Amino acid sequence: MSLDEAHSPQKVLSHGDLLRRFVAGQEIKPIHMRIGIMGACNMRCNFCNFHSPHEDGFYDLFSFKDSLSTQNAVSLLEEFAANDGRAVTFCGSGECTIHPGYADICHAGHAAGLRIGLITNGSRLHRPKVAECVARTHTWVRIGLNAGTEATFNAITRDREQTFASFVGSVNRLRETAVDPEFRIGFNYVITAQNHTEILAAAALAHEAGAHYVRFEPEFYSALGHETIEPVMADIAAALTEAAELSTEDFEVSVPKLDRGPMDRTDDVEGDFERCHYSRFVTAVGADGNLYPCPQVHLNSRYRIGSVVQDGYLKVLDGGPRAEWESSNPRRTDLCKSCFYRPQNELLELLHRGQVELEDALTAYALEVPRTLHADFV
């Protein structure tokens with residue numbers, strides 16, 4: 001299965017029993033948690049939303065000082081797994097692998113039955129303890145590449161740990177030693193005005209490193225859209241076309257759409273759906289210990305549901321805090337106008353309305369996609 005198929009918004013159709021309960025109006029719990037256990041990061045990428053002056057009003061609860069303790073993180077994952085949770089992705093505002101308890105947290109989550117994904121800057125993947133943990137417990141890893149040369153990488157990230165030079169060795173070793181038969185490791189490349197001329201070089205490097213894929217996406221500040229790279233869009237499109245030619249049966253170059261606008265400072269409401277259904281299947285926890293409906297709006301006070309560290313995951317999810325949030329945000333407002341997960345929500349809305357018959361959709365999906373890669377990471 002290709003990367004684009006694995007990231008398909010239709011992947012939720014691999015969960016027939018869950019969808020039957022959803023369509024019937026029955027209560028369901030999220031099966032995928034996106035979590036940030038650290039606010040701190042050992043890099044300062046110049047395109048990072050969390051450190052951008054353009055995002056001061058967006059991530060108003062962000063603090064680089066926030067961190068979940070190892071025990072609190074372990075307890076949270078164990079409670080999540082005990083309440084229908086199936087997969088967890090470590091991501092968030094900081095770099096999760098610099099957390100001193102990262103390996104212990106992952107081993108505990110894996111022992112509880114969770115599948116584990118990681119979005120990382122890659123700076124710790126060559127260290128033995130982290131590498132061993134990833135190989136034994138992770139299903140997938142996505143690394144920020146963001147340059148085709150070490151000089152540009154260091155200029156963009158302010159890295160001081162020779163991370164770029166480690167990619168060629170560490171990626172292939174993890175691919176060879178990973179236990180999970182569905183293990184995938186690849187790179188993500190945020191295209192900026194500073195690195196747009198190195199797209200082809202980055203694709204070649206990703207292939208040399210032994211990655212399964214490299215995925216390109218345009219720089220995106222929620223407030224600015226793509227204003228920063230608009231003048232060079234034609235050059236970017238040409239470079240991506242050339243890079244895509246490096247794809248093989250074992251290596252995929254994923255090319256994005258380049259026409260996304262601002263997320264929050266807009267009056268346009270995108271998508272044909274009334275409510276956020278996707279947050280019934282996926283949830284998010286910030287390094288502040290609070291539950292949020294999805295990763296797009298985490299660390300924003302307008303979408304904070306409640307503290308899973310203080311009150312427990314199940315109490316916040318099933319108790320008053322979530323119900324109170326849903327009643328105060330019954331429709332799509334504020335940051336939800338331009339939803340990251342619009343295709344998923346539109347599909348779920350059609351199923352919820354009965355405009356698409358669920359059994360017909362499940363049958364068609366099973367014929368088109370006999371085996372869904374990373375199905376629990378909906």
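The structure holds one cavity of 30 Å³ or more, a cavity being a set of points on a 1 Å grid over the protein atoms alone where a 1.4 Å probe fits but cannot get out. The model is predicted: local features need pLDDT of at least 70, side-chain atom pairs count only at pLDDT 80 or more, and totals for chains, interfaces and linings use all residues. Residues are numbered from 1 along each chain as its sequence is written, and side-chain values use heavy atoms, without hydrogens and water.

Lining residues have an atom within 4 Å of a point; among them are Ser-279, Thr-283, Tyr-292, Arg-322, Trp-325 and Glu-326. Helix α12 (320–328) gives the most, with three residues.

Next, select helix α3, residues 70–82. Helices are DSSP runs of H or I with at least four residues. Ala-73, Val-74, Leu-76, Leu-77, Phe-80 and Ala-81 are its buried residues (under 20% relative accessible area, 1.4 Å probe, protein chains only). Seen down the axis of α3, these buried residues fall within an arc of 160 degrees (directions from the axis to the C-beta atoms), so they line one face of the helix. Gln-71 and Ala-82, on the other side, are exposed (over 50%).

Finally, select Phe-90. Not counting residues up to four places away in sequence, Phe-90 touches residues including Leu-77, Ile-35, Tyr-102 and Ile-119, contact meaning heavy atoms within 4.5 Å.

How values were computed
Helix = DSSP H or I, 4+ residues; strand = E, 2+ residues; numbered from the N terminus. Expected span 1.5 Å × (residues − 1). 1 Å grid on protein atoms, 1.4 Å probe; cavity = no way out; pocket = protein on both sides within 12 Å on 5 of 7 lines; lining within 4 Å. Points joined across faces, edges and corners; volume = space filled by probe spheres on them.
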